[in-house]
Amino acid sequence: MNKGSLSKVYEPHAAEARWYQYWLDQDFFRAQDAGDKPQFSIVIPPPNVTGMLHMGHALNNVLQDIMTRFKRMQGYNALWMPGTDHAGIATQNVVEQELAREGLTRHDLGREKFIERVWLWKEKYGGVIINQLKRLGCSCDWSRERFTMDEGLSRAVREVFVRLYHDGLIYQGDYIVNWCPRCHTAISDLEVEYAEEPGFLWSIRYPYTDGSGDIVVATTRPETMLGDTAVAVSPNDPRYADKVGKEVILPLVNRIIPVIADDYVTMDFGSGAVKITPASDPNDFAIAGRHNLEIIKIMDGSAVINENGGRYQGQDRYVCRENVVKDLEKQGYLAGVEPYTRNIGQCYRCKTDVEPFVSKQWFVKIQPLAKAATAAVIKGKTRIIPSMWEATYFEWMSNIRDWCISRQIWWGHRIPVWYCDGCGQVIVSSDDPDRCPGCQNTALRQDEDVLDTWFSSALWPFSTLGWPDQTAALKTFYPTSLLVTGFDILFFWVARMMMMGLYVMKDVPFKDVYLHALVRDEQGDKMSKSKGNIIDPLQMIDKYGADPFRFTLAAFTAQGRDVRMSEERIEGYKYFVNKIWNAAKFSLMNLEDYPDDDQAGPDRAALSLPDRWILARLNRTVGEVIRGLDEYKFNEATGSLYQFVWHEFCDWYLELIKPVLYSRDQSTRRRATQQTLSQALRTILKLLHPFMPFLTEEIWQTAVADGASVMVSSYPEPDESLADEDAERRMGLIMDCITRIRNIRGEMNIAPSKKLRVVISAPDEALEGILNEGRDYIANLGNLETLTVGVNLAEPKGAAVGVVGAARVFVLMEGMIDVAAEKARLEKEWNRVAKDLSAVSRKLANSDFMDKAAEAVIRKEEQKYRDLREKHNVLEAAVKKLEAL
């Protein structure tokens, strides 16, 4: 059958480099823009050009590769579209840090030279993560690789902006936004990360202008009072019914401001009266609009107090806070202070505390777009999997705010808006204008801002396929079949792609969205450098190979559950790789005299019971794996494969057929078994390929003489002719008897080399017939000296008893063990385990230990308790069994 033999051990690194290059050379990853095959398409969530492969990337891309390879083998014209994201703020930060090491800033270079510098950095380092994805085995169509700022995508971005603008869906206005004082740019609500931090709640007296006393307001940010333009109370608060309409003096500033009533104010926060600072709080900004209040900005873009802050001008916001509190106390305005924990918004990139900031920004009017995107999911045009995320999607869509799309940085898609210095006309155009269409003036200024990175990412499913040109690829592959991404960017990216796809293409961007969970450590904790629990995918690939790593990720990916990862689990699947390798080596050695062209399938009449059984089990496994992948239940697909390959094919079938393979005088039966073994091995390799592409290709190229790749072979399909419940039932009974005999051997501490005498009593002749059919297998795999099978046989004296369904298994103990000595040994071990179990139980019952010990230590003790408890039960059962003898 084979073209050669497999080496003693599998060498993953050599195989990975060899076969990945082979696949590239053969163009196996390339999809066709047109053809008769059904299409399957998937766009990669483009990693940041600054990115390095982490566990989240690894999980996401392994799942995409599994689906792409699976569909390709099923005969689909499968496109996996690759690319990277320009990552505006992140990339600009990286290059600015590089400049800082040279003693420069971007302003020293100027905009044009700085952008050139970023492009140079991108060319040098931007391909790192792509090469890392290749090491993972990703079968993307690399001939189509895109970048969110390449020429075609830049054209698409401009075209969509212009369409939205002319449709009245993009506007510019003064608005309060989240501002990063470090990055000097607005960031969207979704780009703000919140962290609980301890602080204080200060109560401040604002005296009435008429001298009738004061009103006390509570605030967590006293420095912002410099920009107060009102004090607000609830219209339903009887305490302030006669105060609404009065005026108060703003302490430290001496500005006269009104007391107003607004439904936003709650009566149970602080004193029930709140300061209104429209330029420093989004809710206050909204109140200012309702009451026509003045908006006073007290900070510049670096969060430093400006000229509106009076004597505090030039102070950092937090320095100003300290000084304001001191001055309030000194002047008698501080009524009280108490500890108060609040959520602090931070920039997701640089972790600087975000400042609400009023500035002129560009926005997308989002409600009309959100309505269509919501309807598409309700109607089932796009499925969100797991479906539990649909409710979150709908809730967010119904409460969505207009999207601030302008960023005050230099790296990114510059907003396609120009201003005429002659007549002031605003020009919005897909192409750079050379003159004003109104006054023909050539003195035009382009808007300084760039678009939010997520704007170009929102166009990814159709811009990568050539839009705005009506390409063959766009016609073939849009809408795409599947999007695989993390639930954490459901709103950042998925929702926005839905909105833009429906707006531009009048169709959803993808039919299915599979949202996977986060990768955490084995305790369920988030991976972080500070905790020291990060697992580096590249180190795991270097140490164990790509295939065990890939299989581990898939095996622990259950819908709606975080992936708990540890190096030990990856190592465990390395043993699975070794098991497959050794099984393939054994198979090939015993197929050396089997003609490779004999692939018609074995003659059913010549098949032994183990042959029929393994083909039936294999056929059932094929159906389970396909169903698992079709339903995105990756853990179920891998679970079925692992169970079948390790426990049924390797542990049972190969052992069952060894006597037949080693015998040369049963030619008809031996040939049937060889045919079965060949068929099973090929099918296993095909089933495994999407999960373990390198290992399966290495074995396939040795096992199959036609020279073709396993990745372009046909994926197995269930075959009703192989279904055989009778063989499964018969073989199941025989295997259970063998297992029971082995268990008794282990429980009684009988050496594996010692041959046993066994009697099996069946309840009827039908069961007796099955046992007699399998007596050679029972005798061989149970290592028996004698085997007696009969109906309703009496229990022999001094026998260890096992029950298998309605049958009973008796292992004769006479001469096998010294019962007294073995009982004494077991009791000694049992007492030792009981002592250890008692010590651990006392420790876990100790409240002082449970309160003070680290969580990891407690978990370790709990696991120790479970292990000792199980061992204690096993020993107890063994002692009782000996007593019964």
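1. R30 is partly exposed, at a relative accessible area of 40%. (Buried means under 20% relative accessible area, exposed over 50%, and partly exposed in between, with a 1.4 Å probe and protein chains only.) R30 forms a salt bridge with D27, and the closest N and O atoms are 3.0 Å apart. A salt bridge here is a side-chain nitrogen of Lys or Arg within 4 Å of a carboxyl oxygen of Asp or Glu. D27 is also partly exposed, with 40% relative accessibility.

2. Basis of the values. The model is predicted: local features need pLDDT of at least 70, side-chain atom pairs count only at pLDDT 80 or more, and totals for chains, interfaces and linings use all residues. Residues are numbered from 1 along each chain as its sequence is written, and side-chain values use heavy atoms, with hydrogens and water left out.

3. How many salt bridges does the whole structure hold? The search finds 53. R163 and E159 meet through their side chains at 3.2 Å, N to O. They sit four residues apart in helix α7 (residues 151–166), so about one helical turn separates them. Helices are DSSP runs of H or I with at least four residues, strands are runs of E with at least two, and both are numbered from the N terminus. R163 is partly exposed at 34%. E159 is partly exposed too, at 22%.

4. A further salt bridge joins two helices. The side chains of D651 and K579 meet at 3.0 Å, N to O. D651 belongs to helix α20 (residues 634–662) and K579 to helix α18 (residues 567–589), so the pair ties together parts that are 72 residues apart in sequence. D651 is partly exposed, with a relative accessible area of 27%. K579 is partly exposed at 25%. Elsewhere, shared partners link salt bridges into one network of R612, D724, D726, R729, R730 and E773.

5. Helix packing. The axes of α6 (residues 128–136) and α16 (residues 537–544) come within 11 Å and cross at roughly 35°. Each axis is a line fitted to C-alpha atoms over the stretch in contact, and angles run from 0 to 180 degrees between N-to-C directions. The crossing is left-handed, that is, the near helix is turned anticlockwise from the far one by less than a right angle. Q132, R135 and L136 of α6 make the contact with L538, I541 and D542 of α16. Contact means heavy atoms within 4.5 Å. By class, three of these residues are nonpolar, one is polar and two are charged. (Nonpolar covers Ala, Val, Leu, Ile, Met, Phe, Trp, Tyr, Cys and Pro; charged covers Asp, Glu, Lys and Arg; polar covers the others, Gly among them.)

6. Is T480 buried or exposed? T480 counts as buried, at 1% relative accessibility. T480 lies in strand β22 (residues 480–486). A polar atom of the T480 side chain is 2.7 Å from the backbone oxygen of P509. Beyond its neighbours within four places in sequence, T480 contacts S41, V43, P509, F510 and K511.

7. Cis peptides. Most residues other than glycine have a negative phi, and most peptide bonds are trans. Where do cis bonds occur here? One joins Y478 and P479, with omega about 0°. P479 is in the loop between α14 (472–477) and β22. Another joins I385 and P386, again with omega about 0°. P386 is in the loop between β15 (383–385) and α11 (389–398).

8. Positive phi. A303 is not a glycine, yet its phi is near 65°. A303 sits in the loop between α8 (282–291) and α9 (317–330). At 2% relative accessibility, A303 is buried. N783, also not a glycine, has a positive phi of about 55°. N783 is in the loop between α25 (775–782) and β27 (784–791). With 19% relative accessibility, N783 counts as buried.

9. One link across the sequence. N343 belongs to strand β13 (residues 334–347). N343 is partly exposed, at 46% relative accessibility. Not counting residues up to four places away in sequence, N343 touches Y194, A195 and E196.

Terms used. Polar contact = N/O pair within 3.5 Å; in protein donor to acceptor, adjacent residues only side chain to side chain.
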